[in-house]
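Please read them alongside the coordinates.

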Amino acid sequence: MLLLQRLSLCSRIQLDSLRQACRPLTRSFSQAPQGRIHSASFAHRSELRQAKRIVVKLGSAVVTRGDECGLALGRLASIVEQVAMLQNQGRQMMIVTSGAVAFGKQRLRHEILLSQSVRQALHSGHNQLKDMSLPLLEARACAAAGQSGLMALYEAMFTQYSTCTAQVLVTNLDFHDDQKRQNLNSTLQELLRMNIVPIINTNDAVVPPPEPNSDLQGVISIKDNDSLAARLAVEMKADLLVALSDVEGLYNSPPGTDDAKLIDIFYPGDQQSITYGTKSRVGLGGMEAKVKAALWALQGGTSVVIANGTHPKVTGHVITDIVEGKKVGTFFSEIKPAGPTVEQQTEWARNSGRTLATLQPDQRSEIICHVAELLTEKKDEILAANKTDMDVCVSAGQMPAAMLKRLSLSPAKLNSLAIGLRQIAVAAQDSVGRVLRRTRVAHNLELEQITVPIGVLLVIFEARPDCLPQVAALAIASGNALLLKGGKEAANTNRILHQLTQEALSLHGVSEAVQLVSTREEVEDLCRLDKLIDLIIPRGSSQLVRGIQRAAKGIPVLGHSEGICHVYVDADASVDKVIKIVRDSKCDYPAACNAMETLLIHRDLLRTPMFDQIIDMLRTERVTIHAGPRFASYLTFSPSEAKSLRIEYGDLECCMEVVDSMQEAVEHIHKYGSSHTDIVVTENKETAERFLQQVDSACVFWNASSRFADGYRFGLGAEVGISTARIHARGPVGLEGLLTTKWVLRGDGHTAADFSEHGTMKYLHENLPVSQPLTEQRESN
């Protein structure tokens, strides 16, 4: 009753106040947003950002509650907010809505129950109410009772965003009669011109029941709101139709079945591969009706996305995500790309990767050595492709010098890569299938823990083509499937390096184990493939890493978002070691993640010859110093004060701060560091050991440069990155970090009951040498 009172109040909003709210947003013809020329639908999701005229279809399952009586107000409010936001961005929005029948059913049930209770109370002899049963409510009557309340609700919600709405009720005849269709078109065009959102629904109070197979040739008849939305979108030359339902999108078989897979992009020729299930709990149509309507709209030049509008985690941004081109729901496209989808590539990589993991160690080593040989043999082709990439980036003039340096390849770089790959090939001999632990659980019952690949790795890297063969070699050595997403600035170089890698993999029939994603997939979309990818490894800027960590949905990310490395100079430090370590840590490669960013100085060293030498060296190397708050307080004329003590400069800049003790240095590192690499420079062994023990970072050094935090310098051959995580792998991650383990139990008909209180066997739990072959152990038992 309270809801009805609120709706009644909403419906009495004065027209003048609505006009006043809409007036600031009303555009003249000259101010109307200029849409694209409407001739064909968009070919790719990324193009949906260009959509100017959008139809949003809200299915019955989206608008109504689970009990089918009344509206899902919270869900509806979030959808209204998204539509209003897009409208206020300058787009023209239209809504095709269900819900009138459900709203009317709630209203009529309330009135009937109230009427029955009053009548029985008056006529009952003993004031005992009989069981009240509700009559079957006719849909047309429910629609008539619910239309006004539904519209009042929309009106009240949109008013909160200074957006006007208008109700338009249509029937099939309005589209089949030329004059009525022209009138409808003219009305909607005028409403859109005035920045008003039309709320459109079939006039269910008078509409006749739909007739099966009544479509006219080339024209879809209005059987439900799916067909209404499609017909309206084509009639109004809409750029995009967003159809929201209670399923994630279109599946190749009924959702919930074992082999059902969500279809990312659906093409007109794929209808035969779909098995449809039953329709939703409410509404007239099912998925088959939605697909038919979507294909008809697509043929008419309107792009279509079918998505879930009921999921509580995505409802609040599902429409805006679709318009931003994100991988949500099923996108209908007339243009089928020449290459495979990223989902197909991942499936191929996983299947081929499982074969790769079963190869003999010398076979995997042979593949890696062949990649190294091809880097030398095909040197001219690789450098030519790299020169093409370099020329494009130089002519664009937007790439920093440091990135250009990383993008560039040379004969020396390729030779160095080949040497590193051969080192990995040697390490591959003892990686997959290595026994870490062997236990005799009982007589003839042996347990092993062995190393196995993680599965499918997704490595995302920027302008670093030399990363591709390194990571590919590590994946091959560890038996992992690999999905590579490189930056577009290195597209030509990456392409030829990937071809050479696949050529080497074909030696043993596993060429599909390493895939290069060359489609228009956004990084954020790749990070959502949690059912296909087991680990994401970003290689690039801290901005890239942070973005991937935010976007990853249910997939672990191995890496670090920042490399804020500290060097603490203790009171007992050697001046010669300090100068060498600070210079190398900051100046050898300032853009590296293991470069020093903060220099901590013990207070006793201020105004000493050592301090002066440190400052002179940094000035000579043209390092800009930013003073921390305490350091600035000791100086009359201090350098520029640091904006923050948690900055990764990535250049010839650093922060300098003063601490009173080693303990205070540790506390500073824990508060402002990134758990990457931190160093103490001191001749006091006790101080050094306490620093090494207390600092909680992936790499902690004593009297050594931070630049040693590197897989090659650690003897790992190569690395996929440096991890600051607390689990799995930490620090420079090489071959070992790409492996996990599994338990293998070999028995002889053993059961758990054998070891029960009344059983005949006893646990032994004897640790066995991992090097002893299992067959010898069994013979010795």
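**Notes on the predicted model**

1. C655 is buried, at a relative accessible area of 2%; buried here means under 20% relative accessible area, exposed over 50%, and partly exposed in between, with a 1.4 Å probe and protein chains only. The cysteine sulfur closest to that of C655 belongs to C654, and at 7.3 Å the two are too far apart for a bond.

2. The model is predicted, with local features needing pLDDT of at least 70 and side-chain atom pairs counting only at pLDDT 80 or more, while totals for chains, interfaces and linings use all residues. Residues are numbered from 1 along each chain as its sequence is written, and side-chain values use heavy atoms, leaving out hydrogens and water.

3. How many disulfides does a search of the whole structure find? The search returns 0, a disulfide being a pair of cysteine sulfur atoms within 2.5 Å. As for burial of another cysteine, C393 has 10% relative accessibility and counts as buried.

4. Strands (E, at least two residues) and helices (H or I, at least four) are DSSP runs numbered from the N terminus. In a regular strand, side chains alternate between the two faces of the sheet. In β2, Q92, M94 and V96 point one way and M93, I95 and T97 the other, all of them buried.

5. Which strands pair with β2? Strand β1 (residues 53-58) does so in the parallel sense over 6 bridges, where pairing requires that DSSP finds at least two bridges between the strands. K57 has V96 of β2 as its bridge partner. Strand β4 (residues 196-202) also pairs with β2 in the parallel sense, over 2 bridges, and I199 in β4 is the bridge partner of I95.

6. Q515 sits in strand β13 (residues 514-516) and is buried at 5% relative accessibility. A polar atom of the Q515 side chain lies 3.0 Å from the backbone oxygen of E512. Not counting residues up to four places away in sequence, Q515 touches Q345, W348, A349, L482, L483, L484, H498 and Q502; contact means heavy atoms within 4.5 Å.

7. G316 belongs to the loop between β7 (303-308) and α11 (318-323). Its relative accessible area is 43%, so G316 is partly exposed. Leaving aside neighbours within four places in sequence, G316 is in contact with S78 and Q82. The C-alpha atoms of G316 and V80 are separated by 9.6 Å, with the two residues 236 apart along the chain.

Definitions and conventions: A polar contact is a pair of N or O atoms within 3.5 Å; within protein, one must be able to donate a hydrogen and the other to accept it, and residues adjacent in sequence count only if both atoms are side-chain atoms.
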